[in-house]
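Please open the model in a viewer and keep the selection panel at hand.

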Amino acid sequence: TVDWDGALQGGEAAKKFGAAVWSRINGRDPDELNEEGRGKEEEKPKGAVVKIRETPSLRDMRISVEAQTESVAELEKEYNRLLNSGVDPTSSVGKVELSRLPLEKRKEIMEFGDNLKISQDSLSVQKINYELERIYVYLNSEIEASVTGVIPLNDRLAVAEFGLLESQMININSVDVDLLDADVLKVVVDQVVDFKRRLGIDYYVQGINLNVDTIKAWLSEVLETGRDGAFFYWKGLNLLVSDLRYSFNLIMKAVTGVVLKPREVRTLRRTFRDFVTFIPFIIILIIPLTPIGHVFVFGAIQRFFPDFFPSCFTERRQNLLQLFEQSEFKELEVDEGFLEKILRIFTSVIAIVKVKAGETFKLVVSKGEGNANRKIEDE
C-alpha cells in the first residue's frame with residue numbers, strides 16, 4: 001500500500017520549505033508566513049523594508065524635523081489666508097493678481113512668500129541631514145554585521161556614494177538658507193530619495209509581481225516627462241509666432257521709409273531662418289521614429305548642421321523667456337481643496353450679483369433723479 005498520509009505530509013513540508021526560501025529571497029522573514037505559505041495580513045504593505053535602530057542623535061533630529069514640519073505647515077496655512085484676502089471677491093478661482101493689489105498688500109504677500117520659502121528650504125535641509133544620518137546608521141550596521149570580515153563591493157560602492165552626498169551637504173550646510181539655490185537643493189533631495197530606495201530604506205521590496213504603485217510611479221514619470229516636452233515645444237511655438245509678428249512690424253516700418261537698426265536687421269534675419277527651418281524640423285519631429293531614432297537624428301543634425309534648429313526651440317532663448325516671465329508680476333494660486341473651490345464659486349456668484357444689483361440700483365436712481373429734474377424744469 002501507498003502511505004498517502006506520509007506523502008501528503010512530505011508535500012506540505014516541501015511547500016512550507018519552498019515558501020520560506022522564496023520569502024527569504026524576497027527579503028521577508030519566513031516566520032511571518034502562515035500555514036498556507038501566505039503572508040499574514042498586516043496594516044503595512046507586504047514586502048521587505050530596512051529596519052534602522054534609532055540612536056539618540058537620530059531621535060533628536062527626528063523630533064527637530066517634526067517640530068519644523070508643523071511650523072512650516074502653520075506658515076503655509078497663514079500664507080493661504082493672506083492670499084485669500086487678496087483674491088477678487090468676484091473671481092471664481094483662487095488666484096491673486098499682484099499687479100492689481102495695493103503696494104502695501106503686494107509687499108506683505110511677497111515678503112511672507114519669501115519667508116515661507118526660506119522656512120521650506122530650511123526644512124528640506126534638515127530632512128536631508130536626518131535621512132543621511134539614517135543611511136549612515138544603516139550602512140555602519142551592515143558593515144559591522146559582516147561575518148567574513150570582507151566588505152562586499154555593493155556596500156563599498158554605497159559607502160562611496162554616501163561620501164559624495166555627505167560632501168554635497170557639507171557645502172550646503174555652510175551656506176545661509178536664504179542664499180541656497182533651489183535647483184541644487186532639489187537635485188540633492190532627488191539623489192537622497194533614490195539612494196534610500198536602492199538601499200530599501202522606507203521602501204518595500206516586493207516579490208516578482210505587478211506592483212500597482214510601481215506602475216503608477218512609472219506612468220506618472222512618463223506623463224511628467226511628456227508634459228515638460230509638450231510645454232517646451234508650446235513655448236517655442238509661441239516664441240516663433242511672436243517673432244513673426246514683430247518681423248512683420250519691422251517690414252512695414254521699412255516699407256514706410258524707416259531704416260532698420262542693426263539689431264532689428266539681425267532679428268529679422270533670425271526670424272526668417274527660423275521660419276524656413278521650422279517646417280523640416282516639424283516634419284522630422286512627427287516622423288514615426290522610436291525615441292532613440294529621434295535622438296540619433298537630432299544629434300547628427302546638431303553636430304553637422306548646428307544652425308538647423310529654430311532658435312525658438314533652443315534652451316538659450318527659452319531660458320531668457322523664463323527669466324523675463326519671472327521678472328514680471330505673476331499670479332499666485334491659493335492652495336484649496338475641492339470643497340473650498342466650490343465654496344469660492346458660490347461666493348463669487350453672490351459677489352457678482354451684489355455688484356450688478358448695486359449698479360442697477362444706481363442706474364435706476366440716476367434715471368429717476370433725471371426724470372424728476374426734467375419735470376421740475378418743464379414746470
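Select α2 and α3: their crossing is left-handed, a term applied when the near helix is turned anticlockwise from the far one by less than a right angle, with clockwise being right-handed. Helix α2 covers residues 56-85, and its axis lies 9 Å from that of α3 at an angle of about 160°. That makes α2 roughly antiparallel to α3, since angles over 145 degrees count as roughly antiparallel, those under 35 as roughly parallel, 65 to 115 as roughly perpendicular and the rest as oblique. Axes are lines fitted to C-alpha atoms, for helices over the stretch in contact, and angles run from 0 to 180 degrees between N-to-C directions. The contact of α2 with α3 comprises 14 nonpolar, 11 polar and 8 charged residues; here Ala, Val, Leu, Ile, Met, Phe, Trp, Tyr, Cys and Pro count as nonpolar, Asp, Glu, Lys and Arg as charged, and the others, Gly among them, as polar.

The model is predicted: local features need pLDDT of at least 70 and side-chain atom pairs pLDDT 80 or more, whereas totals for chains, interfaces and linings use all residues. Residues are numbered from 1 along each chain as its sequence is written, and side-chain values use heavy atoms, with hydrogens and water left out.

Contact means heavy atoms within 4.5 Å; among the residues in contact are Ile128, Leu132 and Ile135 in α3, and Val188, Val192 and Phe195 in α5. By class, this contact of α3 with α5 has 13 nonpolar, 1 polar and 5 charged residues.

From α4, residues including Phe162, Leu165 and Met169 meet α5 residues including Leu185, Val192 and Leu199. The contact of α4 with α5 has 10 nonpolar, 2 polar and 2 charged residues.

Finally, select Asp243, Arg270, Arg316, Arg317 and Leu320, which lie nearest the centre of the second largest pocket among its 14 lining residues. About 390 Å³ of space lies in this pocket. The elements that give two or more residues to its lining are α6 (212-255), α7 (262-286) and α9 (315-327). Helix α9 gives the most, with 5 residues. By class, the lining has 5 nonpolar, 4 polar and 5 charged residues.

Technical notes:
Helix = DSSP H or I, 4+ residues; strand = E, 2+ residues; numbered from the N terminus. 1 Å grid on protein atoms, 1.4 Å probe; cavity = no way out; pocket = protein on both sides within 12 Å on 5 of 7 lines; lining within 4 Å. Points joined across faces, edges and corners; volume = space filled by probe spheres on them.
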